[in-house]
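Visitor: Could you walk me through this model, one feature at a time?

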Amino acid sequence: MTSPFLNKQKWFKSLMWLLLFGFFFSIANYFQPFVYALIYALFDTIALFCIYNVSYNFIFPRYYHHFRKYLLISITFVIIYTFLYYLIDVHFIPKVPDESITPPPKFFHFFRKFVTSCFFYFIGTAVSLVEHNQQLIEKEKLLTEEKLQTELKLLKAQINPHFIFNALNNIYSLTYMKADNAPDSVLKLSEMLRYVFYDCNKDKVQISAEIKYIENFCAFQQMKSEQKQNINLTQDNVLSNIEIAPMIFIPFIENAFKYSRIEEEDNAFVNINISAKENHLSFFIENSISLNNKPISGSGTGIKNVKHRLAIIYPDNHQLEINDENDKFSVNLEIGVRS
């Protein structure tokens, strides 16, 4: 696929060569008849076009990695090319003799051709360098995008097995205890699996679907205990058409239930609040920390995973605060979204 930048360059260069031809012709036609001026302008334009393209298409792309070799080849080529350019101009390009004008010294004529050749050779090198750098930037950008997409797929792949492992453990606990709500847990699990395996394949999902998953997750958690658990899920001004990256909150919720041991300790709690204001979505969760189950600082693949996803999906468009106190752990996540 051709870059728009390179397409613009082609049009611009074509226009410049036409303008250069017109410039040479207008000067030559001031001193010579139309046909002679036309031949002179055409010859000079073609000669400079050739040296430009040799530098642009061949010498610089092939030898720019080896500066000394490139410099030696460039100097040698420009001198030889200028010599041929000068000989053809002097002996083969027709000119109207004008005794009133004293021709310049041969050395001056050769030097003028040499300076002109060097100038256009340098322009060819400079343009080739700019376009080469532009191609490298675009190639690096494509590689970066491909890398980010690959990383996102890998991160999503890490979510699904982790979820299934926890869910099956929960169902195992319910069936082991012969709980009456075990069948209901299987139904909720099927809804959750449908969301994970189908909806989560998309880059973005509606916040309502994500909240529904969280509600099922909390209900699933409550089924693990016969006693009422202190789980609070609230939402404020959250419009259903807001879209976010799927499963972006779940690692924090899993972490909260894991370390609060809410199904075992009476004073344990998990509070979740999701709210929206203008173009910002706020997610806040806090949980008690069991003294017998304190998290090790820096551990937890889930939170590392979500931090990585946030850096990829919402670069410079999110703010994450994690507070770890003696008996309480909280997470506050702000994400810029569009409704």
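**Helix packing and selected residues**

Guide: Let's start with a pair of helices: α2 and α3 cross in a right-handed way, where right-handed means that the near helix is turned clockwise from the far one by less than a right angle, and left-handed means anticlockwise. Helices here are DSSP runs of H or I with at least four residues, and strands are E runs of at least two, numbered from the N terminus. This is a predicted model, in which local features need pLDDT of at least 70, side-chain atom pairs count only at pLDDT 80 or more, and totals for chains, interfaces and linings use all residues. Residues are numbered from 1 along each chain as its sequence is written, and side-chain values use heavy atoms, without hydrogens and water.

Visitor: At what angle do α2 and helix α3 pack?

Guide: Axes are lines fitted to C-alpha atoms, for helices over the stretch in contact, and angles between N-to-C directions run from 0 to 180 degrees. The axes of α2 and helix α3 (residues 67-91) lie 11 Å apart, and their angle is about 165 degrees.

Visitor: Which hand does the crossing of α5 and α6 have?

Guide: Helix α5 (residues 182-197) and helix α6 (residues 207-222) pack at about 150 degrees, with axes 10 Å apart. The two are therefore roughly antiparallel. The crossing of α5 and α6 is left-handed.

Visitor: Is D180 buried or exposed?

Guide: D180 sits in the loop between α4 (106-176) and α5. In space, its C-alpha is 9.4 Å from that of M223, although 43 residues separate D180 and M223 in sequence. Buried means under 20% relative accessible area, exposed over 50%, and partly exposed in between (1.4 Å probe, protein chains only). At 77% relative accessibility, D180 is exposed.

Visitor: Is M247 buried or exposed?

Guide: M247 lies in the loop between β3 (243-244) and α7 (250-260). Its phi is near 60 degrees, a positive value in a residue other than glycine. With a relative accessibility of 2%, M247 counts as buried.

Visitor: And what is the phi of R261 near?

Guide: You'll find R261 in the loop between α7 and β4 (270-277). R261 is partly exposed, at 24% relative accessible area. Its phi is positive, in a residue other than glycine, and is near 50 degrees.

Terms used:
Angles under 35 degrees count as roughly parallel, over 145 as roughly antiparallel, 65 to 115 as roughly perpendicular and the rest as oblique.
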